[in-house]
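Please keep the viewer open as you read.

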Amino acid sequence: MSSYNSLQITLVQTPIVWENPEENRNVLSNKINAITTATDLVILPEMFTTGFTMNPSKIAKSEGEKTRNWMQTIAKSKQIAITGSILFYENNTFYNRLFFVYPNGTYETYNKKHTFTLAGEDKVYKAGTKKLIVDYKGFKICPLICYDLRFPVWARNTEDYDILLYVANWPKQRVTAWDTLLKARAIENMSYCIGVNRVGTDNSGYEYTGHSAAYDVLGNQICFSNDDEILHTTINKQHIIDMRNKLKFLDDRDTFTL
């Protein structure tokens with residue numbers, strides 16, 4: 001496993017069975033159990049148990065808790081962190097909620113801030129209002145969800161995080177924007193930027209070609225795939241420190257708050 005100086009990250013780019021949490025958990029259990037490369041953090045796509053459904057009432061309200069428990073079981077048994085977003089029901093409200101589960105089973109959450117109005121996500125899921133900064137193995141991680149990628153002010157690195165992370169269901173016809181904005185977010189925030197997208201086709205007819213990737217502080221692509229596969233990458237703390245100390249771009253940030 002990693003020391004303070006590096007973090008081993010696994011990106012799970014996978015198809016998603018439409019609105020079938022149990023089957024998706026089974027598929028992902030098999031994929032995660034088959035990983036032999038040492039890893040500290042496994043990242044799953046957005047809404048990895050259902051696909052990007054706008055019919056959350058069709059899913060049993062208990063499924064969110066079942067998936068959270070499943071994530072906790074994996075984290076503890078593998079002694080890794082695991083993250084991804086799911087449909088979650090709480091207090092008579094549906095959320096597109098990301099869970100970041102630590103190796104001891106404790107977790108933190110982030111509710112998607114920018115619900116995707118083009119698909120009507122804002123009509124069925126309640127938007128979040130707070131960013132989450134995760135402290136894990138000496139790294140500060142800011143996890144965000146899909147459409148959030150289009151809004152640089154929300155992602156702005158005022159917390160001096162090390163890794164900006166996006167989980168997504170980002171369709172093929174707009175994948176050029178995905179590629180471009182992931183790279184831009186890395187450059188402008190002087191952080192690693194990682195995007196994990198799904199592949200396959202959903203029941204709405206949208207095709208997904210993945211393009212899961214990681215970019216370093218200077219925007220260099222360090223891993224990429226458009227296939228149904230698992231990627232591994234290493235985040236290097238010294239790279240962040242060296243580039244920020246040398247270039248000092250973050251010192252010239254505009255001072256404003258959202």
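Which residue follows α2, and is its phi positive or negative? The residue is Q79, and its phi is positive, near 55°. Another case comes just after α5, where M190 has a positive phi of about 50°.

Before going further, a word on the source: this is a predicted model, in which local features need pLDDT of at least 70 and side-chain atom pairs count only at pLDDT 80 or more, while totals for chains, interfaces and linings use all residues. Residues are numbered from 1 along each chain as its sequence is written, and side-chain values use heavy atoms, with hydrogens and water left out.

## The chain as a whole

The protein chain holds six helices and 14 strands; helices (H or I, at least four residues) and strands (E, at least two) are DSSP runs, numbered from the N terminus. Its C-alpha atoms fill a box of roughly 50 × 40 × 35 Å along the principal axes.

Of the 258 residues, 56% count as buried, meaning under 20% relative accessible area, with exposed being over 50% and partly exposed in between (1.4 Å probe, protein chains only). Among contacts (heavy atoms within 4.5 Å) with a separation of 6 or more, 66% join residues 24 or more positions apart.

## Strand β1 and its partners

Strand β1 (residues 6-13) is largely enclosed by the rest of the structure, because seven of its eight residues are buried. Strands count as paired if DSSP finds at least two bridges between them. β1 pairs with β14 (residues 229-236) in the antiparallel sense over eight bridges, and S6 stands opposite N236 there. β1 also pairs with β2 (residues 41-43), in the parallel sense over three bridges; here I9 stands opposite L41.

Helix α1 (residues 21-33) reaches 18 Å from its first C-alpha to its last, close to the 18 Å expected for its 13 residues. The expected span is 1.5 Å times one less than the number of residues. P21, N24, R25, L28, S29 and I32 are the buried residues of α1. They cover an arc of only 135° around the axis, which puts them on the same side of α1; the arc is that of the directions from the helix axis to the C-beta atoms. An α-helix has 3.6 residues a turn, so residues three or four places apart point the same way.

The face of α1 turned away from the buried side carries exposed E22 and N30. The buried residues of α1 pack against β1, β2, α2 (63-78) and β3 (81-90). In α2, the buried residues include W70, M71 and I74, and their cover includes α1, β3, β4 (93-101) and β5 (107-111).

## Helix α5

Helix α5 (residues 175-189) has 15 residues and spans 21 Å between its first and last C-alpha, close to the expected 21 Å. Its buried residues are V175, W178, L181, L182, R185, A186 and N189. They lie on the same side of α5, covering an arc of only 135° around the axis. Their packing partners include β8 (163-167), β9 (192-196) and α6 (237-247).
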